[in-house]
Amino acid sequence: MNAPSPKTFLVCHGAWSAGWAWKKMHPLMAAAGHRLVTPTYTGLGERAQLANPSIDLETHIEDVLNVIKYEDLRDIVLVGHSYGGMVATGVADRARDRVTQLIYVDAFVPADGQSLLDLNEVARPRMQELKDSGEWRMPPNPTPPDTSPADQEWLSTRRVHMPIKCFETGLKLQGGALTLPRSYIYATRITPADTFGPFARIAKADPAWRYYEIDASHSPNVTAPEALMALLSKIAAEPRR
């Protein structure tokens with residue numbers, strides 16, 4: 001049996017996070033013969049010194065598009081995690097000649113014009129409260145309860161506050177509805193809010209999507225990297241439709 005052909009996986013990471021949060025995935029990807037590219041958005045992670053109130057969803061889409069341009073990435077498997085689903089949708093729209101498939105990992109899936117707050121209205125009061133108090137950034141949400149103490153420490157010392165404007169910005173699709181192959185991975189160790197359940201149910205019911213589940217909490221790149229690796233490899237190797 002032939003080994004699967006090497007792929008280039010490009011990650012659009014979640015809120016408060018950065019490329020560093022995908023650290024456990026790099027050796028797994030390399031062992032499988034794939035390339036994993038994990039850029040960090042402006043104002044987060046090692047680019048935290050650039051944080052300012054004007055940063056929005058558009059900034060982060062441009063961050064990833066520039067990585068595609070300057071690294072000359074092609075035949076990309078684009079992965080959007082959590083808030084990164086907002087970013088990945090915008091990137092896939094504007095790099096249609098470079099992205100071959102799109103994988104949402106427990107992520108928001110916006111339509112044209114929608115912001116993250118349109119998709120997660122329960123977060124609105126908290127953000128409005130912060131804005132009313134003069135804040136322009138939002139502190140991180142708690143990590144899932146099954147996160148190990150070592151990972152808890154690793155995450156808590158590196159996650160940074162997120163510009164609120166990123167959550168308020170509506171996505172602007174420039175090329176119409178996306179038609180490229182799309183997959184949704186739903187992390188089944190849910191919180192009571194089940195934020196990503198609605199997107200999972202839509203994907204599961206729509207024959208245009210491929211739907212998968214993973215026995216993990218919201219950030220399998222941290223808590224279940226081997227299981228996530230197996231799933232990403234499987235999806236990327238399957239015939240596109």
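Buried means under 20% relative accessible area, exposed over 50%, and partly exposed in between, with a 1.4 Å probe and protein chains only. Helices (H or I, at least four residues) and strands (E, at least two) are DSSP runs, numbered from the N terminus. The model is predicted: local features need pLDDT of at least 70, side-chain atom pairs count only at pLDDT 80 or more, and totals for chains, interfaces and linings use all residues. Residues are numbered from 1 along each chain as its sequence is written, and side-chain values use heavy atoms, with hydrogens and water left out.

Because 11 of the 11 residues of H3 are buried, the helix is largely enclosed by the rest of the structure.

Two packed helices are described by the angle between their axes and the distance between the axes. Helix H2 (residues 57-71) packs on H3 at an angle of about 50°, and the two axes are 9 Å apart. Axes here are lines fitted to C-alpha atoms, for helices over the stretch in contact, and angles run from 0 to 180 degrees between N-to-C directions. H2 and H3 are therefore oblique to each other; angles under 35 degrees count as roughly parallel, over 145 as roughly antiparallel, 65 to 115 as roughly perpendicular, and the rest as oblique. The crossing of H2 and H3 is right-handed, a term used if the near helix is turned clockwise from the far one by less than a right angle, with anticlockwise giving left-handed. On the H2 side the contact is made by Leu57, Glu58, His60, Ile61, Glu62, Val64, Leu65 and Ile68, and on the H3 side by Met86, Val87, Gly90, Val91 and Arg94. These residues divide into 8 nonpolar, 2 polar and 3 charged. In this division Ala, Val, Leu, Ile, Met, Phe, Trp, Tyr, Cys and Pro count as nonpolar, Asp, Glu, Lys and Arg as charged, and the others, Gly among them, as polar.

Two residues of H3 can be followed individually. Thr89 lies in H3 (residues 84-94) and, at 2% relative accessibility, counts as buried. Leaving aside residues up to four places away in sequence, Thr89 touches Tyr104, Pro110, Leu171, Leu173 and Leu178. The side chain of Thr89 also reaches the backbone oxygen of Gly85 at 2.6 Å. This is a polar contact, that is, a pair of N or O atoms within 3.5 Å; within protein, one must be able to donate a hydrogen and the other to accept it, and residues adjacent in sequence count only if both atoms are side-chain atoms.

Asp93 is also in helix H3, and its relative accessibility of 4% makes it buried. Which residues does Asp93 touch, not counting those up to four places away in sequence? They are Lys172, Leu173, Gln174, Gly175, Gly176 and Leu178. The side chain of Asp93 reaches the backbone nitrogen of Gln174 at 2.6 Å, and a polar contact of 2.7 Å joins the side chains of Asp93 and Arg96.

Ser82 has a positive phi of about 60° although it is not a glycine, and at 11% relative accessibility it counts as buried. His81 is in strand S3 and is buried at 5% relative accessibility. Beyond four places in sequence, the residues that His81 touches include Cys12, Trp22, Asp106 and His218.

Asp194 provides another positive phi in a residue other than glycine, near 45°. Asp194 is found in the loop between strand S7 (182-187) and helix H8 (197-205), and is buried with a relative accessible area of 16%.

Helix H4 contains Leu119. Not counting residues up to four places away in sequence, Leu119 touches Met86, Phe108, Val109, Pro110, Gln114 and Phe199. Leu119 and Thr195 are 76 residues apart in sequence, with 8.9 Å between their C-alpha atoms. The C-alpha atoms of Ile202 and Val109 are separated by 9.9 Å, and the two residues lie 93 residues apart along the chain.

How values were computed. Contact means heavy atoms within 4.5 Å.
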